[in-house]
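Please examine the structure shown below. The report that follows describes selected features of its fold and sites.

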Amino acid sequence: MFVGHYAAAMAAKAIEPKAPMWTLAAASQLVDIGWSAFIITGVEHASVDPSLPGSTLVLDYMPWTHSLPAALAWSAGAALLVMVLLRLPIWASVAVGLTVFSHWLLDLLVHRPDLALWPGGERVGLALWNYPVIEQAVEIGLIAICGAAWVASRKTLGRFAWPAIGFIGFLVALQIVAMLSPQPEGPLEAASGATILAIYLVVVIVAALTDLRGKARGAAA
Ligand SMILES: [Zn+2]
């Protein structure tokens, strides 16, 4: 799952608008942001097998980001961090923490069994990646549903809808580019990790733009 993760950020933003969108976008992919940094540094590793359906990634070692205890720790850590550093209210911080954890749940849906229930323990994954058309439909469907909720909540708050719609369009374009960009076979190199990390950071910046002030004309609030 790639852009489908951002659906969780949109849902959280619709429910808790006080949480900044850049924070929620980063939260929804925080576990993968950590993962790409660990691919660069060699702490975790993966390889690419072009014969695989859906995602060609073989995620053989990622205990520090994608095991269940690790995902819980990242979630709690992120909630605490935004409460202390960004001084977010408690519910906005909880929303950030839950958004971080949503990543593991959505990965559980699509990954082949590579998510350890405890470090070195049983690995789980419902393997929707083996059905690429359905998997893509789920990702885009999640974006559509949660994106609609986000747009609706912006309208209630008297905010323009178009920055949200622009962000959603950007994500769909990104998904198409990602689908059309095959990875070279073999171990996932540090350079690929750096490219993936850069993409996540660009999305965070674009997400931040959707929170810039600009109220719809004639709106009450
Ligand atoms: Zn992941």
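Strand β1 (residues 45-48) and β5 run antiparallel and are joined by two bridges. Within this pairing, S47 has P187 of β5 as its bridge partner. Strands are DSSP runs (E, at least two residues), helices are DSSP runs (H or I, at least four), and both are numbered from the N terminus; two strands pair if DSSP finds at least two bridges between them. The open sheet consists of three strands in the order β2-β1-β5, with antiparallel pairing. Its edge strands, each pairing on one side only, are listed here.

| Edge strand | Residues |
|---|---|
| β2 | 57-61 |
| β5 | 186-187 |

This is a predicted model, in which local features need pLDDT of at least 70 and side-chain atom pairs count only at pLDDT 80 or more, while totals for chains, interfaces and linings use all residues. Residues are numbered from 1 along each chain as its sequence is written, and side-chain values use heavy atoms, with hydrogens and water left out.

The zinc ion has as protein donors D32 (OD), H66 (NE2), H103 (NE2) and D107 (OD), at 2.1 to 2.2 Å. Donors are N, O and S atoms within 2.8 Å of the metal (3.2 Å for Na, K and Ca); water is not among the atoms, so sites may look incomplete. Along the sequence, the donor residues follow the spacing D-x33-H-x36-H-x3-D. Because D32 lies in helix α3 (residues 30-41) and H103 in helix α6 (residues 90-110), the pair ties together parts that are 71 residues apart in sequence. Both D32 and H103 are buried, meaning under 20% relative accessible area (1.4 Å probe, protein chains only).

Methods: Buried means under 20% relative accessible area, exposed over 50%, partly exposed in between (1.4 Å probe, protein chains only).
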